Amino acid sequence: MKKHFILFLFLFTSRLALAQTYNSLWIPDTLSGTNFTLTAVDTFKQMIPGNQTITAAYNGNWMGPTLIWQKGSTINMTVHNKLQDSTTIHWHGMHLPAVMDGGPHQIIPPNTTWSPYWKITNNAGTYWYHPHLHMEAQKQLESGLAGMIIIRDSIESSLKLPRTYGVDDIPLALTDRKFTSSNQINSAPYGDSMMVNGVLRPQFTVPAQWVRFRILDAAIERSYNLGFNDGRSFYMISSDGGLLDSPVAVKKYFISAGERVEILVNFSHQKGSSVDLMAYNSTLAQSEPGGDAFPNGPFENYLQRKDFTILHLNVTDSNSNSISSIPTKLTTNIFPDVASAVLTRSLSISDSSDRPGAPPKFIINHKFFDYNYYNYSVPLNNTEIWEISSTSNFSHPFHIHDVEFHILSIDGGTAPPQLQGWKDVVYVKSKQKVSFIARFADYADSLHPFMYHCHIALHEDEGMMGQFLVENEKTGINNISYPKPNFSLFPNPANNKLMINFDHEPIDVYYITITDILGRTYFMLPKPRFENGIDISTLKPGNYFLNLTDNSNKQTYTRSFVKQ
Ligand code: C2O
Ligand code: CU
Ligand code: CU
């Protein structure tokens, strides 16, 4: 009897101890300005007591720094790939030239530096970056490669909103993972353990005031039906592409893979209390990512169709720059007028199976992704309606690159106010029809496409993706024969800077790469600006090639040079 009692006491107290051990939420560092360097590395992290976990990250050992960009400025990214594998880095939500987008066509081989740049035209909001290598998206995301982006602009800055990063403006990247008994990441669409910013069982201390959370669903597959365990209301202020017209009070918000939402939560006068941010996923259907429950197999997981804690919050003293009320009006979004749409594209989502009896794979327009096939050509400056009809038995977050869109209808009705802002991911429920309107402005490119796909990384990797070119007839490839550009490199041999000398008019350069005799790529320079020369100081001495692609005819011309 006594023995049993002691055993009971031991089990009881150890359970209690386990339930109370939280880890402090990690807040990624920020980088701001106009020049940014991200280095993708294979690394490891102490995630669980015992063995460290093999991870990959940008500049650190999980995710990457939060990048802070100012609308209107031109930013220069330097991306070094120090991974064992090729990768890409996609700026999710950004409106930018396709060649800078970081989709599956902008592959960065190992030990190569990619230098995209563009002018920030997106609204203030929360965006993110992540790898997008075809068929490797899940694996690379799983290893920890992802990061958050905050864009600021004058409209958002003029509002009285919490914006002290890490204090009352908190980035929360939600995902989940499975771990092996030796603490390694077990590749799977769903994890057994919830994580925020890579931290298991996280807790965070918030001041007793209005706090803003920038929530990203960075999961491989899962959606989270967000809410608080005391049933409180919170205020949605921003969707994927920026501020809503006015805050929208909700008690729950369903976020699916790839989506972002900014919410305001009032902790005023709650010092000393605790509240949990929850996923109320017990209410999800079998057809929803996170609601699909399986007794075994690759999709079985501990968190399936149940309610669980995402983040434990402890409320402490307020700080001096707290706001006492929230604005009732945020911005005035002007969406493209339906009358201005020149066409409606009808897309379908359906289930397919490779082999009879095999689990379904999901496809868009009855066709698996084909890397070399461009599904659509969108004329530059088109305003279009995209109508997505699903016959799938499962629900899919549909994402499109290049544009932010406005949802016109969900199953024939108008979208609820929280989905009435700018979006780049729309959740298309099983058997639903959704339409949105978007304008494809500014950037035409007849070589590099933009993607649209399901943001469930597993589905994307399996081919639930398509691509489109934005094309300008005037600058597309045509039959005019252009003179061969004449150029030479100097000095040659070169030391730190390599200059290009055009014999006649400087030509419009589309791309420059620097390779060696073995075909290894060292630099990828889309639309390079080389007035001051190309910095080759990091190259080892030897023989190299500079490959220059002319924008007018997309031909590539090669010159050799020696690095001293
Ligand atoms: Cu966030 Cu094409 O992806
Ligand atoms: Cu994207
Ligand atoms: Cu999907």
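This note walks through a predicted model, one feature at a time.

1. **The copper site.** Start with the copper ion, ligand 3. Its protein donors are His 396 through ND1, Cys 454 through SG and His 459 through ND1. Along the chain, the donors follow the spacing H-x57-C-x4-H. The pair His 396 and Cys 454 links distant parts of the chain, 58 residues apart. His 396 sits in strand E29 (residues 396-400), and Cys 454 sits in strand E33 (residues 450-454). Are His 396 and Cys 454 buried or exposed? Both are buried.

2. **The largest nonpolar core.** In soluble globular proteins, nonpolar side chains tend to be buried together. Here the largest nonpolar core holds 73 residues. Which of them touch the most other members? They are Phe 213, Ile 310 and Phe 398. Strand E24 supplies the largest share of this core, with five residues.

3. **A close look at Phe 398.** Residues up to four places away in sequence are not counted here. Phe 398 touches Leu 347, Ile 364, Trp 386 and Ile 388, among others. Its contacts also include Asp 424, Val 425, Val 426 and Val 428. Phe 436, Tyr 452 and His 453 are on the list too.

4. Strands of a sheet pair through backbone hydrogen bonds, either parallel or antiparallel. One open sheet has three strands, in the order E35-E36-E39, and the pairing is antiparallel. Strand E35 (487-490) and strand E39 (534-535) stand at the edges. Each has a single partner strand, so one side of each is left without a neighbour in the sheet. How many bridges join E35 and strand E36 (residues 497-502)? There are four. As one example, Ser 488 has Asn 501 in E36 as its bridge partner.

5. **Two cis peptide bonds.** Most residues other than glycine have a negative phi, and most peptide bonds are trans. The bond joining Phe 490 and Pro 491 is cis, with omega about -15°. The bond from Asn 492 to Pro 493 is also cis, with omega near 5°. Where do these prolines lie? Pro 491 is in the loop between E35 and E36. Pro 493 is in the loop between E35 and E36 as well.

6. **Two positive phi angles.** Asp 411 is not a glycine, yet its phi is positive, about 50°. Asp 411 is placed in the loop between strand E30 (406-410) and strand E31 (425-428). Lys 554 is not a glycine either, and its phi is positive at about 60°. Lys 554 lies in the loop between strand E40 (542-550) and strand E41 (556-563). Why does Lys 554 count as buried? Its relative accessibility is 15%, and buried means under 20%.

7. **The cavity.** Rolling a probe the size of a water molecule over the atoms shows where empty space is left. How many cavities of 30 Å³ or more does a search of the whole structure find? The search finds one. The largest cavity has about 80 Å³ of space. Its lining includes Trp 62, Met 63, Leu 141, Asn 197 and Ala 218. Strand E12 (residues 169-179) gives the most to this lining, with three residues.

8. **Asn 183 in its loop.** Asn 183 is found in the loop between E12 and strand E13 (185-186). Asn 183 counts as buried because its relative accessibility is 9%. What does Asn 183 contact, leaving aside neighbours within four places in sequence? The partners are Ile 48, Pro 49, Gly 50, Asn 51 and Thr 53.

9. **Pro 327 in its loop.** Pro 327 is found in the loop between strand E24 (307-316) and strand E25 (343-352). Pro 327 counts as buried, because its relative accessibility is 17%. Leaving aside neighbours within four places in sequence, Pro 327 contacts Leu 159, Lys 160, Leu 161 and Pro 247. Val 425 is 98 residues apart from Pro 327 along the chain, and their C-alpha atoms are separated by 26 Å.

Notes. Residues numbered from 1 in each chain as written. Chains lettered and ligands numbered in written order. Predicted model: local features only at pLDDT ≥ 70, side-chain atom pairs only at ≥ 80, totals over all residues. Heavy atoms only, no water. Buried < 20%, exposed > 50% of the residue type's maximum accessible area, 1.4 Å probe, protein only. Contact = heavy atoms within 4.5 Å. Donors = N, O, S within 2.8 Å, 3.2 Å for Na, K, Ca; no water. Core = buried A, V, L, I, M, F, W, Y, C linked by side-chain atoms within 4.5 Å. Pairing = 2+ DSSP bridges. 1 Å grid on protein atoms, 1.4 Å probe; cavity = no way out; pocket = protein on both sides within 12 Å on 5 of 7 lines; lining within 4 Å. Points joined across faces, edges and corners; volume = space filled by probe spheres on them.
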